[in-house]
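Here are my notes on the fold you sent over. Have the model open while you read, and I'll take the helix packing first.

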Amino acid sequence: MEPNLQAPSVRFPQSPFIYLFSSQTDQVDTTWELIFSLPSTRKTKLATFAINTTLLLFAADFAFYPLLDTASDVVFTRIGAVYPDAAKVVVRYPHVNGTEHNVQILWRRATSTVEEAWTDGPTLHLNPDHDWANTTKLSGLWPNTEYEYILANVNKTVLDYPATPIRFRTFPDPRLPTGSHFRFVVSSCLTPNFPYKPLQGRTIKGFDLLADYLFDEPKAATPIPEAVVASDNATEVPIPVETNDGADVELNATAPEVPEVAPAVPVAVPEIIVNETVVEAAPKTEFLMLLGDFIYADVPIYFGDDVEAYRRLYRRNYQSPSFRRVYEKLPIIHTYDDHEIINNYAGQSNDTAPFANADEPFKIYNSDANYDSPAKDQHYFDFRYGDVAFFVMDTRRYRSDALTEEVATRTMLGEAQLTALYEWLGKVNQTATFKFIVTSVPFTSLWTHEAVTDSWAGFTHEKAAILSALHTVPNVIMLSGDRHEFAAVQFTGASEDAEPVYEFSTSPLSMFYVPLIRTLKPQSEETVNRTRMGIVDEGGELVEIVDEVPQEKVLKYLPIGNYKWSAIEVDTRNLDQPTLKLEVMIDGEAQYHLAIVGKPVKLKSNTSLGALVPDGIKELLDRVGLKPSRWF
């Protein structure tokens, strides 16, 4: 009998690599075919086609949504700049099949007792040339008073929107010497529907989380902070802190005993019980500051530099029900950064294209409602809340091109804006307790990668001059964004008596963060000398010790998270111990707390008659035409 020369049948192990290269199609695993997109049967080919088509549609939905949903019919109103006696109001109200639309504001004091009659306010002229939006100033108001307004036609017929009156509170009179106690929120960088979810093109999750944080539940006082930075006579203690990516940072911060702060005037404060302990409720949030990249004109697709392409993106954000939850309840102050124009934009003091077309909708929707600049048609400005002062920079329009211009001649602010900053510092040095300076890009030079040229790190000469001036002014805090990470940084001056400067950089509000790669150095290579008394040998003799301290040092670094904002509480009611408390929220959860006990500032006291007038007398004076701005 002839031998059987046929090889026995062999069944290989079920490995995906064997499946991919096997000719035995009946043994191919469908799951691995779909994962590697190598279909070999009709079933897997159809499944692969369906999956790829769905993914393509999702990508198109994310990229082209502004073209599919232009938000041309969005109606909204919001409060921008708030003063002790006025507030700016933005209105967008398109007229169907019309060429113009006049809308009047009706306003009154918001009281819980007697409902007052509506007072005629200014009329806004709306037309398509201005994208049916305009801004006006509501004047003749009282300091620290809550108001509400509605919208009507010129014949006094109340319009359907807003369904309920929009409320706001005027700022306190800065001439009062009683100090302030308030909170504000700061962040930057946002885009709708990120991370992407199908059919959620109008959602901005960061605003939803922020609205939940601000309005849904009353908040207790800020928890015990991880670090307290105080005056020079406090005891230094090392405080270990865990970052949210698992890295450890050691803070050399001071932790003195902080006495209870009593209000300068009797106030009714609600009590909140926490662990059977009575604590003071956190103050109401007075405003939100958005520090740039409110739109992403060039991400994921740049639709061109025509005005309508930019307008669509602003309308889309104001159409968002997420954003509406915030701007209908909270005044918002804006600055801009590069993505409102195009990535890494440098205006070079000549409004390099596409600045003009990008600037027009930024004015209409955001900056016209900001505080007025000291110079005409500019985006830098300053304002006050009580005894706390703010200066908001324009870091794009006048900056040099850091890639082509010599380091020594580069400018971020331009001559006029730099002069305005120095003049503001001179005015607020002894007239304001805390001073906040807003820069859309980080002031610290510790961020790497493209921040080496796009942040203040690329403008070393101008930064050094500004920092030298800041070290002579007590209680200066820099606020920034842009890097899609959070960092708290301390700047130390060269002289022993230099005032410390701090920076809180917070972003994104609703955008991506950079995974895996860490872009922030823990401290600068440049150092300054600091002397202290200590014992260095067994003899126990006190000697003077000189330490090298980094000029810039990270106090906290939190890179992870798509949704970040910082809530800053300022309490200057005890003028001998002004206090700032920082709470950093990431993805809806508190991640970091820091308290800074500032240096007392002897403020010039002024008499403010408006603060001494009871509400009933205010109403009577209003009726006879004696407005606050005319006599106090």
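1. Helices (H or I, at least four residues) and strands (E, at least two) are DSSP runs, numbered from the N terminus. With that in hand, helix α3 (residues 42-68) packs on α5 at an angle of about 100 degrees, and the two axes are 9 Å apart. That makes α3 and α5 roughly perpendicular to each other (the label covers 65 to 115 degrees; under 35 is roughly parallel, over 145 roughly antiparallel, and the rest oblique).

2. Keep in mind that this is a predicted model: local features need pLDDT of at least 70, side-chain atom pairs count only at pLDDT 80 or more, and totals for chains, interfaces and linings use all residues. Residues are numbered from 1 along each chain as its sequence is written, and side-chain values use heavy atoms, with hydrogens and water left out.

3. Which residues join α3 to α5? Y65, P66 and L67 in α3 meet R312, L313 and R316 in α5 (contact means heavy atoms within 4.5 Å). Sorted by class, this contact has four nonpolar, no polar and two charged residues. Here Ala, Val, Leu, Ile, Met, Phe, Trp, Tyr, Cys and Pro count as nonpolar, Asp, Glu, Lys and Arg as charged, and the others, Gly among them, as polar.

4. Helix α5 (residues 307-319) also packs on helix α7 (residues 355-365), at an angle of about 30 degrees and with axes 8 Å apart. The pair is therefore roughly parallel, α5 to α7. On the α5 side, V307, Y310, R311, Y314, R315 and Y318 take part, and they meet N357, A358, E360, P361, F362, I364 and Y365 in α7. The contact of α5 with α7 has nine nonpolar, one polar and three charged residues.

5. Much to look at in α7: F355, A358, D359, P361, F362, I364 and Y365 are buried (under 20% relative accessible area; exposed is over 50%, partly exposed in between, with a 1.4 Å probe and protein chains only). Their cover includes β1 (76-82), β2 (86-92), β5 (133-139), α5 and β15 (332-334).

6. Have a look at L138 in strand β5. L138 has a relative accessible area of 1%, so it is buried.

7. Beyond residues up to four places away in sequence, R397 touches Y336, G347, Q348, S349, D351, F355, D377 and Q378.

8. Last, the core. The largest nonpolar core has 101 residues, of which F184, F207, M289, F390, F436, F504 and I568 touch the most other members. Such a core is a set of buried Ala, Val, Leu, Ile, Met, Phe, Trp, Tyr and Cys residues joined through side-chain atoms within 4.5 Å. Helix α4 (residues 205-216) gives this core its largest share, six residues.

9. For the whole chain, there are eleven helices and 27 strands, and buried residues make up 51% of the 632 residues.

Conventions:
Axes are lines fitted to C-alpha atoms, for helices over the stretch in contact, and angles run from 0 to 180 degrees between N-to-C directions.
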